[in-house]
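Please keep the sequence and the 3D view at hand while reading.

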Amino acid sequence: MAEKLTVGVLGAGIMGAAVARNLVRAGHAVRVWNRSPDKAAGTGATVADSPADAVRDADVIITMLYDGGTVRDVIGQAASGLKAGAAWLQTTTASLDDAAGLAGLATEHGVAFYDAPVLGTRQPAEAGRLTVLACGPRHGRERLAPVLDAIAARVVWLGEDGSRGDATRLKLVANSWVLTVTHGAAEMLALAGALDVDPDHFFEVIKDGPLDLGYLHAKTDLVRQGRLSPASFAVETAEKDARLIVAAGEDHGVRLDVVAAGAERFRRATAQGHGEEDMVASYYASFTP
């Protein structure tokens with residue numbers, strides 16, 4: 001029988017709430033904190049009044065928040081409740097500088113830091129089928145296994161030094177592709193409409209070939225069927241990730257023009273009122289005057 005652990009989850013957005021629910025289903029003792037308590041209330045976990053209460057005596061801490069700055073702020077608030085020797089799974093998509101800085105905070109508080117961003121959106125998160133990209137000390141990983149088993153279909157270990165951000169590096173690379181394909185799908189639909197082309201004819205042309213992607217069908221269906229809410233991955237969060245990717249490229253001498261243009265599309269879609277819709281709502285940025 002898998003060991004039952006005490007887990008503190010900081011953040012109950014789309015992903016954090018799903019993670020908390022799966023941990024509760026697996027029988028772990030889970031406490032969740034979120035700035036808006038109502039989002040934590042539907043997880044089945046104990047809703048904590050503060051970050052410190054959420055992590056108090058926890059064996060494992062999971063941060064699934066908006067960005068690295070938010071993580072630093074919330075962990076600062078949680079500091080008094082952190083238990084020496086606990087393991088911290090930092091799953092928020094953040095910058096490489098954030099990974100190093102957060103690893104330093106973990107050392108200050110005597111907790112083991114795991115750089116552990118995830119691949120997946122609402123549906124795999126709810127199903128406990130995320131892919132976790134993880135980097136952190138080998139000693140102690142066995143303690144994380146019951147938690148990872150509850151939330152992930154796959155864990156990819158990338159090294160033992162979380163401060164290097166090797167998992168974050170891979171996450172940024174993966175997201176650069178995801179965002180690019182999303183914009184391609186959105187722009188294809190916009191152009192097809194403008195040129196009076198039935199999108200189904202396009203799908204017939206690429207059917208069963210190397211350009212035919214399940215992801216392309218899934219994203220275009222959301223626009224065509226008006227199912228952009230609730231979001232699997234929201235426009236405003238996608239813009240944040242796009243800007244992290246562009247900055248990482250610039251820091252390493254690589255110019256990412258497509259991702260930069262995509263960030264601007266996300267910004268325009270948010271300005272039009274689509275910020276909380278699925279990221280393929282960048283479709284609407286095609287019609288900004």
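Axes here are lines fitted to C-alpha atoms, for helices over the stretch in contact, and angles run from 0 to 180 degrees between N-to-C directions. Helices (H or I, at least four residues) and strands (E, at least two) are DSSP runs, numbered from the N terminus. The model is predicted, so that local features need pLDDT of at least 70 and side-chain atom pairs count only at pLDDT 80 or more, while totals for chains, interfaces and linings use all residues. Residues are numbered from 1 along each chain as its sequence is written, and side-chain values use heavy atoms, with hydrogens and water left out.

**The sheet of β7, β8 and β9**

Helix α7, residues 141-151, lies across β8 and β9 and runs at about 140 degrees to β9. These two strands belong to an open sheet of three strands, in the order β7-β8-β9 and with mixed pairing, where two strands pair if DSSP finds at least two bridges between them. At the edges are β7 (118-119) and β9 (152-157), each of which pairs on one side only. Strand β8, residues 130-134, pairs with β9 in the parallel sense over five bridges, and A134 stands opposite W157 in β9.

**Strands β4 and β5**

Parallel pairing is also found between β4 and β5, over four bridges, and the bridge partner of V60 in β5 is A87. From β5, A87 and L89 point one way and W88 and Q90 the other way, yet all are buried, buried meaning under 20% relative accessible area, exposed over 50% and partly exposed in between (1.4 Å probe, protein chains only).

Helix α5 covers residues 96-109, and its 14 residues should span 20 Å at 1.5 Å a residue, which agrees with the 20 Å between its end C-alpha atoms; the expected span of a helix is 1.5 Å times one less than its number of residues. Within α5, the residues L96, D98, A99, L102, A103, L105 and A106 are buried. They pack against α4 (68-78), β5 (87-90), β6 (112-115) and α8 (166-194). Just after α5 comes G110, with a positive phi of about 75 degrees.

Helices α4 and α5 pack at an angle of about 10 degrees, with their axes 10 Å apart. That makes α4 roughly parallel to α5, because angles under 35 degrees count as roughly parallel, over 145 as roughly antiparallel, 65 to 115 as roughly perpendicular and the rest as oblique. On the α4 side the contact is made by G68, V71, R72 and I75, and on the α5 side by D98, L102 and L105, contact meaning heavy atoms within 4.5 Å. The residues of this contact divide into four nonpolar, one polar and two charged; Ala, Val, Leu, Ile, Met, Phe, Trp, Tyr, Cys and Pro count as nonpolar, Asp, Glu, Lys and Arg as charged, and the others, Gly among them, as polar.

**Helix α11**

Helix α11 has 17 residues and reaches 24 Å from its first C-alpha to its last, close to the 24 Å expected at 1.5 Å a residue. Its buried residues include V235, A238, L244, I245 and V246, and also E239, K240 and D241. What covers the buried residues of α11 includes α8 and α12 (257-274). After α11 comes G253, whose phi is positive, near 75 degrees.

**Residues in loops**

| Residue | Relative accessible area | State |
|---|---|---|
| D67 | 23% | partly exposed |
| D196 | 74% | exposed |
| D208 | 70% | exposed |

D67 lies in the loop between β4 (60-63) and α4. Leaving aside its neighbours within four places in sequence, D67 is in contact with T92, T93 and K240. D196 lies in the loop between α8 and α9 (199-206) and has a positive phi of about 60 degrees although it is not a glycine. D208, in the loop between α9 and α10, has a positive phi of about 65 degrees, again without being a glycine.

A further loop, between α10 (214-224) and α11 (235-251), holds P230. The peptide bond that joins S229 and P230 is cis, with omega about 0 degrees.
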